[in-house]
Amino acid sequence: MSIKIGDKVRFLNSVGGGVVTRFRGKDQVLVEDEDGFEVPALIRECVIVGENPMQVRSSHKPKQPVQPEPAPVVKQQVAEEEVEETPKGERLNIYLAYLPMGTNMIQDCKYEAYFINYSNYYLFFNYMNRQNNSWYSRYNGIIEPNTRIFLEEFGKEDLNDLERICVQLIAFKKDKPYSLKNAISVELRLDTVKFYKQHCFTANEFFDEDAMVYPVVKADLPEKQLLVSATELQEAMQQKVYIDRSPAKIAPKKKPASPILEVDLHIHELLDNTNGLSNADMLTYQLDKFHEVLEQYAGNKGQKIVFIHGKGDGVLRKAIEKELKTRYKQYYHQDASFRKYGFGATMVTIK
């Protein structure tokens, strides 16, 4: 019998046990003991002494070719099995995640793709890619609530086929009433250059390993990507000198503080395509956006701006802190809400 999140287990080679809270990699789990501490343990050294089917389940990775025949994603459990529901789970939050299979040689490794259903709903879904003006199904089936499943393993020779992908899905519940959700179709454009760069795989809430996570649906709203053409990018790069030299606009009269403004400085949120840009070029573009926003709101006293820079390797965060301590030392800054942003954001207050 396979171990699932929520199962009560005991250790084979040591004293103790507890309830499985989450998976770590492919061969370890974290077990919460009676004192509330999480203890790592190898899956093969745990034995199930009690099941709790109402907890979130993580399915096994099925073996399949790149373009499999349609098949059920998750083996169905007994019909009477119920899913524990949460208020937050009543809204659809769906993600795609890509993980490197080897972190030492990112230039030569293969990758794994996962589909994440962070909701109280079952999903019929179809994961596709576009080739020669046609769509090809790479995986389709049903995924259970609050579950992540393995989609496929692929190599760098497959990246060109993954530049344009699409996810279509229909949400439902079994044997109980539920709120009707619209059928959803979301097209995404993957920046395949990122698959060659180790720093593009970052810490996340779904895996212990670094991954690239793409939102498909957030709080019932299909994700829409910001597309920037090469011409617009070139014009923006040429005009940045004039933006830096432009005098700050002074408000004619004091205005009440505006709501908190959020500015996401992740490069994939600013640019759709980073081909030809070095790490230094991308950092410069991110800092230019940082300067542009502060200049724009320089006259709005009391304005709070949250710059989302992520944890990553800390290069962007350190660059922003340096600018705030030198060029903008008249402004007050602090870490933004940990509950909302983790350690990946800084809030600046215009003084």
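This is a predicted model: local features need pLDDT of at least 70, side-chain atom pairs count only at pLDDT 80 or more; totals for chains, interfaces and linings use all residues.

Trainee: Is Ser-119 buried or exposed?

Mentor: A residue counts as buried under 20% relative accessible area. Ser-119 has a relative accessible area of 0%, and, leaving out residues up to four places away in sequence, Ser-119 touches Gly-89, Arg-91, Leu-92, Asn-93, Pro-145 and Asn-146. Because its value is 0%, Ser-119 is buried.

Trainee: Which backbone nitrogen lies 3.3 Å from a polar atom of the side chain of Ser-119?

Mentor: A polar contact requires N or O atoms within 3.5 Å. At 3.3 Å from a polar atom of the Ser-119 side chain lies the backbone nitrogen of Tyr-121.

Trainee: Is Met-101 buried, partly exposed or exposed?

Mentor: Met-101 has its place in the loop between β6 and β7, and its contacts, not counting residues up to four places away in sequence, are Cys-109, Lys-110, Tyr-111, Glu-112 and Glu-153. Met-101 and Glu-153 are 52 residues apart in sequence, yet 8.9 Å apart in space from C-alpha to C-alpha. Since the relative accessibility of Met-101 is 41%, the residue counts as partly exposed.

Trainee: Which residue takes a positive phi near 55° in the hairpin of β13 and β14?

Mentor: β13 pairs with β14 (residues 221-222) in the antiparallel sense over two bridges, and Lys-218 stands opposite Leu-221 in β14. On its other pairing, β13 is joined to β6 by five bridges, also antiparallel, where Tyr-95 has Pro-215 as its bridge partner. In the hairpin, which has two residues between the strands, the positive phi near 55° belongs to Ala-219.

Trainee: Which residues touch the most other members of the largest nonpolar core?

Mentor: This core has 35 residues, and the elements that give two or more residues to it include β6 (94-100), β7, β8 and β13 (212-218). Apart from it lies another core, of 17 residues, among them Ile-305 and Val-348. In the largest core, the residues that touch the most other members are Leu-96, Tyr-98, Phe-115 and Tyr-127.

Trainee: How is the ring pair of Phe-115 and Phe-125 classified?

Mentor: The model holds 20 aromatic pairs. Phe-115 in strand β7 and Phe-125 in strand β8 are 10 residues apart, and both are buried. Their ring centres lie 4.1 Å apart and their planes stand at 10°, and because planes under 30 degrees apart meet the criterion, the pair is stacked.

Trainee: Which residues form one aromatic cluster with Tyr-98?

Mentor: Leaving aside neighbours within four places in sequence, Tyr-98 is in contact with residues including Tyr-127, Phe-154, Phe-195, Phe-201 and Tyr-214. The cluster that holds Tyr-98 also holds Tyr-111, Phe-154, Phe-195, Phe-201 and Tyr-214.

Conventions: Residues are numbered from 1 along each chain as its sequence is written. Side-chain values use heavy atoms; hydrogens and water are left out. Buried means under 20% relative accessible area, exposed over 50%, partly exposed in between (1.4 Å probe, protein chains only). A polar contact is a pair of N or O atoms within 3.5 Å; within protein, one must be able to donate a hydrogen and the other to accept it, and residues adjacent in sequence count only if both atoms are side-chain atoms. Contact means heavy atoms within 4.5 Å. A nonpolar core is a set of buried Ala, Val, Leu, Ile, Met, Phe, Trp, Tyr and Cys residues joined through side-chain atoms within 4.5 Å. Helices (H or I, at least four residues) and strands (E, at least two) are DSSP runs, numbered from the N terminus. Two strands pair if DSSP finds at least two bridges between them. Rings of Phe, Tyr and Trp (its six-membered ring) pair if their centres lie within 6.5 Å; planes under 30 degrees apart count as stacked, over 60 as edge-to-face and the rest as tilted.
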